[in-house]
Amino acid sequence: MHEPTQQNHLDKVSYNDKVTRYFLWATLVWGFVGMLVGIIIASELANWRVNLGIPEITFGRLRPLHTNAVIFGFACNAFFTAAYYSTQRLVKARLYSDVLSWIHFWGWQAIIVSAALTLPFGITTAKEYAELEWPIDIAITLIWVVFAVNYVGTLLVRREKHIYVSIWFYLASIVTVAALHIVNSAEIPVSFLKSYSLYSGAQDALIQWWYGHNAVAFVLTTPFLGMMYYFIPKAVGRPVYSYRLSIVHFWSLIFIYIWAGPHHLHYTALPQWAQSLGMVFSVVLWMPSWGGMINGLLTLRGAWDRVRQDPVLKFLVAGVTFYGMSTFEGPLMAIKSVNAISHYTDWTIGHVHSGALGWVGFISFGCLYWMVPKLYRTKLHSVSWATTHFWIATIGIVFYIVSMWISGITQALMLQAVTTDGKLLYPDFVETVAAIEPYYYMRLLGGLLYFSGIVLGIVNFWKTMRSAPAPQDETVLVPARFKPSKLTDDLAHATESVADSGTLIDRLHHVLESKPVVLTVLSLAAIGVGSVIEIVPTLFIRDNVPLIATVKPYTPLELEGRDLYIREGCYNCHSQMVRPFKDEYLRYGAPSRPGESVYDHPFQWGSKRTGPDLARIGSKYPDLWHYRHMRNPRDISSKSIMPIFPWLLENKLDGSHTAAKLQALKKVGVPYQQEDIDSASVHRDRQALEIAKRLNEQGGVSLTVADKEITALIAYLQRLGTDTKVSVP
Amino acid sequence: MSDKLPIQDKPYDGIQEDNNPLPGWWKTILYACTVFAIAYMVVVHTDFLVHSRSDMQRFEHEIAAMRFRQDSIRALKPPFTYAELTKLRTEQGRLSEGKGLFTDKCVACHAAGGAGNIGPNLTDNFWLHGGRIDSVALTILNGVSAKGMPTWGNMLSDEQIKSLAIYVKSLHGTNPANAKPAQGVLDTL
């Protein structure tokens, strides 16, 4: 099985460390930007005045920029840095192609820049963590393919026959992210920067959360497990705890993770069988996740004292511990009765940040503190600064999570409180908002602490770099190319019982580790099973989404209003999905049914209720109410934290694409007739005039409001839920 | 005790691996979760072991039970009568409670002092739904959903609604500035 020939022949190889250093600085730049935006939106929730009335920086538009910058800017660049650094050293080969490496680098940064240039202007698809519009989606696909070719190419020219566990995780991440992105971003363009999701309603929701949940899995978890497997043993100089555990938890993790998405849609109009699958697979996922934690932590067995001195190990060990915590909290929140409380509240936000700040952030910084001195061939500027960074960041995380636990649970309990004679104890949603506002300040403090740690880290790296000699690529002597062997021969060999060489599974898997392409294909198969079983029936079996005869497509004006709702990011604060609970029934009306959103491309069910549900807001208030509420919500609801949207009252509605929008939706199955499309603008203006007249009658608003954006938004809001309106009991 | 590894000629970039067996507690919990998963699917989605209700059926039962309870409470004690309300008009604290609630919940549409804005003027002699105090209380209780007057009975207690009606009636004849023109029919009861 091994090749004794040419044992002594050595080649000289230099690693491409330059591109790694570039990725490293990109990680820091986007980390800084993304978290700064996080601070801004946190303060906007604490105090609605913070946005200064500037449309581009209101909560609804900035929140997607925050998530995109930290996920795709910070976390992905950290992954690229660590993967390029560790893989070259693990397989003793230079990155496959310098050209591809640079295309990967600049292409990816251009994508994040384009996110920053579109999202604040309301150019968004409204699918969480996939908000970027279709031209950028195509760019992401292309650059990801460049990355994949460069990465797999590197493995194909490797000088080590077997690939180490870090690389399994990297490979599984690369293929799965590609599949998730392509399926979820299927959309039909209307114009250069506007598209509609191919899917609608319950189907769109399922695919979105299959994507969203597995973005957490394959962007924010598996790459970082791969990083953990390289950097912890390197930093502590001890053997990894268990090879077999790494095999078992790798395969079980990727196989099970992919099923768990529907836990984001508990009690919604998603078919209940899919919700149940999402729940039970999340529970089973607990131990496969902890397998990674055990392997990480027990690698330190007998060397715990090292954690006291070394900030690298502090970050890595605390990161793994936060991983253990959030992968316990996650399955807990996936249990439906717990989810009934946690969903739509700040608890979810806290959960995500214990993963993002604790796990992703700490692993990234642990790796960076390890790599920077290596990549610059010098000592870290200040170890005590690094230790300080660690402690303020840790305190910051504690503030963040604890405040979100309290606020989430408080608000949920207040919203669910119903008296014995069937009345809401807190009928006014805004009372519950006022109750949790102090915790929004506490969260802001936590964020500020964490952010100051990052700044300290960046200065530390900067000073380290400035004091370093001119950077150069590391050059090493590597063994000659090994002679590839046939898979069947290797397998036959592995099945022979050999004393002292692990179990059959160990030996078979070891063979697989010499065939990276086969391993990649098998990972794709592992994630394929759950994906197909959940998605295919939801898309193709009619019974899962029964139609409701009275539900009709939006009128042209309502559709324009809906696009404004998307542009302003209202879905970041409002759900449109009433769950079958007594309190929600009393507050919002009858539970939402799948047939109600069949014409919603994309779905607008939302995931967070910073404000009340809007699924049945239609005809609850007069038009004038909305007019004044959008101008300044405090005029109507004095304790509101909703931003002001006065520009909607002044901006003229851009109706240049109304007909094209209907046309595009018709292509994806919305039953518009040709005459609807032909008369779209006329119909739109007629409906706008009716609303303007009503506003004029109700409150003396000038009739010039007819061509303003607000009429479209009012038309949309007044339509919501009215197709199935049953008289309020 | 760590098992041996499949033969591997050299460590990966200096990284060694042990091959400790899977921890027993880890395997036990994994199996237990798997058993739970299967049991849950069987119990909730088949009638094999028990007959289980869907989320929607559970919800419908809950609402039916709630309605039944409400109806029985109402049947025993109608929320208010004309005589009772008239008597309560002089009760200590009623007016101030009503005023507080009105400022909180009603001024957005009826303006301060009930001058009227989105909703009608409440200070004049003209009423859409009757001006006698029990009619006013009933309008507040049931709302006029179609016209944008919320159903306060879903949100406020009967006592609060009584106080509101008392406060609204106290506004009669106050002639506030910028009052909305009269709507409805003359009703001076």
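Guide: Let us take chain B and begin with its charges. The mean positions of its 19 positive and 19 negative charges lie 10 Å apart. Lys and Arg count as positive here, Asp and Glu as negative, while His and the chain ends are left out. Each charge is placed at NZ of Lys, CZ of Arg, CG of Asp or CD of Glu.

A word on the ground rules. This is a predicted model, where local features need pLDDT of at least 70 and side-chain atom pairs count only at pLDDT 80 or more, but totals for chains, interfaces and linings use all residues. Residues are numbered from 1 along each chain as its sequence is written, chains are lettered from A and ligands numbered from 1 in the order in which they are written, and side-chain values use heavy atoms, without hydrogens or water.

Now the fold. Chain B contains seven helices and two strands. These are DSSP runs numbered from the N terminus: helices are H or I with at least four residues, strands E with at least two. Starting at the N terminus, the order is α-α-α-α-α-β-α-α-β.

Next, the dimensions. The C-alpha trace of chain B spans about 100 × 50 × 35 Å along its principal axes. Its radius of gyration is 33 Å, whereas a compact globule of 189 residues would have one near 16 Å. That radius is taken over C-alpha atoms, and the globule rule is 2.2 Å times the number of residues to the power 0.38.

What about the inside? Of the 189 residues in chain B, 39% are buried. Buried means under 20% relative accessible area, exposed over 50%, and partly exposed in between, with a 1.4 Å probe and protein chains only. Among contacts in chain B with a separation of 6 or more, 61% join residues 24 or more positions apart. A contact means heavy atoms within 4.5 Å.

Chain B exposes about 10,500 Å², and carbon and sulfur atoms supply 62% of that. Such areas come from the Shrake-Rupley method with a 1.4 Å probe; for residues, only the protein chains shown count as cover.

Finally, the partner. The contact takes 58 residues from chain B and 73 residues from chain A. The two chains bury about 5,900 Å² between them, with 62% from carbon and sulfur atoms. On the chain B side, Tyr12(B), Asp13(B) and Trp26(B) lose the most area to chain A, together 12% of what that side buries. Buried area is the accessible area (1.4 Å probe) that two parts lose on being put together, summed over both.
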